[in-house]
Amino acid sequence: MSSTRELNPRRFSQILVGVDDSPDAQLAFRFAMNRAKQDDAELDLVTVIEENDINIYQALDKNFITQKRAELEKHLQDYRKIALEFGIKKVQTYIAEGEAGETIVKNVIPRVNPDLLVIGSSSKTGMAKYFGSQASYTAKHAPISVLVVR
């Protein structure tokens, strides 16, 4: 090792964090905020409308989807406000639809172009809550560094 600079941890310029109302996602959000502040990085917040959480009748109801998006947008704006008040200079929000892990890896990361993804280890609903399959998928397939928080 030629210099102490090589021993310093990597600095990130753009951090993407998956948020929902689960305790692990909220932990991930707090970690991402602290890391973004430490690195003076942009913070990107994403939430995913998971198709498995919507039954056929809800999917056919345009008002339901519109209302669901509006609720999620409000939640994202609440998270954004907290991050800005914490001192993060640039905070962006995104809503995506699909299977959370796959959607983040295949659609959100290429669109947003972060250099770190921070996610909670457990999902808030379904079987993924018990197996952490979304976190596992993103850690295995994401083209960027992934930090799984629990």
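Val-17 touches Ala-28, Phe-29, Ala-32, Leu-43, Asp-44, Leu-45, Val-46 and Val-118, leaving aside residues up to four places away in sequence; contact here means heavy atoms within 4.5 Å. The model is predicted, so local features need pLDDT of at least 70 and side-chain atom pairs count only at pLDDT 80 or more, while totals for chains, interfaces and linings use all residues. Residues are numbered from 1 along each chain as its sequence is written, and side-chain values use heavy atoms, with hydrogens and water left out.

Val-17 is also one of the residues that touch the most other members of the largest nonpolar core, which has 23 residues. A nonpolar core is a set of buried Ala, Val, Leu, Ile, Met, Phe, Trp, Tyr and Cys residues joined through side-chain atoms within 4.5 Å. Buried means under 20% relative accessible area, exposed means over 50%, and partly exposed lies in between, using a 1.4 Å probe and protein chains only. Ile-15, Phe-29, Leu-43, Leu-45, Ala-83 and Val-118 stand beside Val-17 in that group. At least two residues of this core come from each of β1 (14-18), α1 (23-39), β2 (42-49), α3 (62-86), β3 (91-97) and β4 (116-120). The most come from α1, which gives five. There is also a second, separate core of 16 residues, including Tyr-94, Ile-104, Val-112 and Ala-142.

The element names follow DSSP runs numbered from the N terminus, where helices are H or I of at least four residues and strands are E of at least two. The protein has six helices and five strands, in the order β-α-β-α-α-β-α-β-α-α-β from the N terminus on. Of its 150 residues, 43% count as buried. Among contacts with a separation of 6 or more, 75% are between residues 24 or more positions apart.

Val-91, in strand β3, counts as buried because its relative accessibility is 2%. Leaving aside residues up to four places away in sequence, Val-91 touches Leu-43, Leu-45, Arg-80, Ala-83 and Leu-84. Its C-alpha atom is separated by 9.9 Å from that of Ala-36, 55 residues apart along the chain.

Two helix pairs can be followed next. Helices α1 and α3 pack at an angle of about 35°, with their axes 10 Å apart. Axes are lines fitted to C-alpha atoms, for helices over the stretch in contact, and angles run from 0 to 180 degrees between N-to-C directions. The contact joins Gln-26, Phe-29, Met-33, Asn-34 and Lys-37 of α1 to Tyr-79, Ile-82, Ala-83 and Phe-86 of α3. By class, these are six nonpolar, two polar and one charged; Ala, Val, Leu, Ile, Met, Phe, Trp, Tyr, Cys and Pro count as nonpolar, Asp, Glu, Lys and Arg as charged, and the others, Gly among them, as polar.

Helices α4 (residues 100-112) and α6 (residues 133-141) pack at about 25°, with axes 8 Å apart. The two are therefore roughly parallel, a term for angles under 35 degrees. Ala-100, Gly-101, Glu-102, Val-105 and Lys-106 in α4 meet Gln-134, Tyr-137, Thr-138 and His-141 in α6. This contact has three nonpolar, four polar and two charged residues.

Finally, two loop residues. Asp-40, in the loop between α1 and β2, has a positive phi of about 55° although it is not a glycine. Asn-113, in the loop between α4 and β4, has a positive phi near 60° and is not a glycine either. Asn-113 is exposed because its relative accessible area is 57%.

Key: Parallel < 35°, antiparallel > 145°, perpendicular 65-115°, else oblique.
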